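Hi everyone, thanks for coming. Let's look at one chain together and take it step by step.

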Amino acid sequence: MHHLGNFSLMAILVVAAYAVAASLLGVRKGRPGLVASAERAIFACVALSTAATFSLVTLLYRSDFRFEYVANYSNRDLPTFYKIASLWAGNDGSLLFWSWLLILFSGAAVLINRGKNRELMPYVVATLGVIILFFTYMNYWVTNPFEQLAMVTASGHQVWAPPDGRGLNPLLQHPIMVIHPPILYTGYVSFAIPFAFCVAALLSRQLGSEWITSTRRWTLFSWFFLGTGIILGGRWAYVELGWGGYWAWDPVENASLMPWLTATAYLHSVMIQERKGMLKVWNVSLVITTYLLCILGTYLTRSGIVSSVHAFAESDFAQIFLAFIIVAAAFCTWLVISRLPLLKSENELDSLASRESSFLFNNLLFLAACFAVLWGTLFPVFSEAIQGERVSVGPPFFNKINVPIGLLLLFLTGVGPLLAWRKSSLDSLRRNFIWPTALGLGTGGVLFALGMRHFYALVCYILSVFVFATIVQEFHKGTIARKSHRGGSYLSGMVDLTLVNTRRYGGYVVHLGMVLIFVGIAGSAFNTDRQADLLPGESLAIGDYSVKLLRIDDGRTPNYDWAATVLEVSKDGELIGEFDPQKHFYRASEQPTSEVRRYSTFREDLYLVFSGMTEENKATVQVYLNPLVRWVWIGGIVMFLGTIVIMVPNKRELKLVRKREAETAMRKEKARRHEVA
Amino acid sequence: MPPKKFKFIAGTFLILGSVLWLAISGFEEGKAYYQTVSELKTMGSRAEGVRLRVGGTVVPGSIVRRDGAVEFQISQDDNVLAVRYVGTDPLPDTLIDESEALAEGEYKDGSFEASMVQAKCASKYEAAYGENTETRPES
């Protein structure tokens, strides 16, 4: 099986190199046959890469411990589901998986765009080919997952297999952890496609609207997966890591947030380019920056350069990876500078109170947040290089900068969509904002009267209600207008309205999801926690809740031993139920994990952790009361749905396409008649 | 300069300036110096009163829960540091004998009070089978 894997990797190197050479040669010499052959080479890579991934999956499935990767990340008693998921548990396997996804997306991009974008495609193929070459080179020479274990004996090397594997990291044995990495990887990896289109547009000097249309769709796709991956990662940390939170500004979390921030900025600023032909240099730079941040994120996660609980082992491949990032950055910078004359803006900004300027400030804030996160994440590295002392900055740094930036962005979420392009009149401002502002400030007043004194939380709730009101108002106005000239019910009017302009109204739904996430995050300002060492029969109180320890149970499964504290939870004296937070001890990896239990409502989460036993045989129980956490997950789902709405083709756009097709058909018909005549 | 252009530039500078100010003040609150156990011992009195992140290997059998706090020792070469964890979050499950631990906190009168502890099982997942065996690529 491993022969198939290694052979496939070798073959990809040859075929991808051919694709790069053939597509560039084809476009230089004007030979479309050669370009088409390069495109077919990408399809061949899809087959080969699938074979390589399949062979590693087979080895994992068979528990073939002769292979180092299988022995290190799997064991005999591991459920089959997790055996397969071990593919992305370690550096070598996950990098193979990464390349596979990259090649699949490259194949899909070529397939979809073959018929159109003829001027761009040779360069798209060449760019993707180079990226494929780099990652496959890593797969084969630097992080080969098909390496066998061997013992040095008198007769030379001998293949050797341990009786059982080391097992999959128990923290990763969770259903979310099985789907979170592939989703996040999809986001990271698929960004290669918009990047390739951008580079192709620059190389071919075809900087019209074609590349913008193609990249906007792909960027939306990547952004969608990146965002979903981030939310799932937070969810996993919350239910599995047992410290009561979902975000800790860990370098690996930051690595996924940075490209998401720049991609979000691009999805907004691209509208200005489509509409007014402005910000061209800016947009090109955003796409390039986003891709480089994706690669940097991969590098940070795997190189162990910034100490993190996530990071894979410190590996010698760090230098090669860093070299790739630097070369790519240098090449892109040269490319943008050399094409500057072609990227001139066609318009100028008119007014501060306009859609354009709100987008401009939105971009500035996204970039500022991204830069702050980047700076904070890499600070240990910089400080060591410059001062010789490794200095890290913790969560206070990230929160201090990003909380106000986040709130300003929330404000713009409400304001931006209601401002007119070019210039808003004072009258329209008053008309659009009077209700949302009144509702927001009213809510703030009520919360203040109820005793809320946390400044940022108050601002956040005022803004959340304000933005929520603007979104509802937009839907309502649009629906009324539609109903008045089409008739029908209110609901059908609203659905119709959304389908006619999916980008606009889907965008509002995404904004609504973001508002809900902010509501949830602001809830964390009021988190409380208690810890107590309890004997059976004793209890502790937190908020309106009382938690009583009934007994301590234990047992064993093939995979792990466990102990549980059985807790009886009641609220205001009323019994809610029994919960059993556990400690698992995984035998293969000799590692304990905590299994938390939660009592979750829309208002708050009661989060129960069994931390361990004291010397006096008391159970240490840790209890958190986290208000409004559930809204973070609900917001994530709403954003997910909103993005799907955006991806549905516009009725209006479809109409245009049909019209254009009809016109072409008519022209052809005329030409034919002309010929006949 | 036309007034509307001036407005944009002023707005941009206002935002960037505030971000910079927040960065500097946040940095002072959040910064911590990375030290190994050996480096800490050579710092002497300079180590007192600054926020430190100390890394080392957990001494087998040294983890003890006592009076609501957890105590353990981390070592590097021959130097040992006693750590008293006074934070509120539960300790990570990965904090076990011989794991690589990172304790963040302050050094007071010969003992280290940590408010945050991170740990990873370096011995388990990373050194792996390569230690007493050799690997060779199979092609």
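Let's begin with burial: in chain B, 34% of the 139 residues are buried, meaning that 20 or more other C-beta atoms, placed from the backbone, lie within 10 Å of the residue's own. Before going on, please keep in mind that this is a predicted model, where local features need pLDDT of at least 70, side-chain atom pairs count only at pLDDT 80 or more, and totals for chains, interfaces and linings use all residues. Residues are numbered from 1 along each chain as its sequence is written, while chains are lettered from A and ligands numbered from 1 in the order in which they are written.

So what is chain B built from? It has 3 helices and 8 strands; these are DSSP runs numbered from the N terminus, with helices being H or I of at least four residues and strands E of at least two. From the N terminus on, the order reads α-β-α-β-β-β-β-β-β-α-β.

Now to strand 4 of chain B, residues 69-76. Which strands does it pair with, where pairing takes at least two bridges found by DSSP?

Finally, strand 5 of chain B, residues 79-85, pairs with strand 4 in the antiparallel sense over 7 bridges. Here B:Gln73 stands opposite B:Ala82. The two strands form a hairpin with 2 residues between them, and B:Asp77 in the turn has a positive phi of about 50°.

Note on methods:
Pairing = 2+ DSSP bridges. Buried ≥ 20, exposed ≤ 12 C-beta atoms within 10 Å, placed from the backbone.
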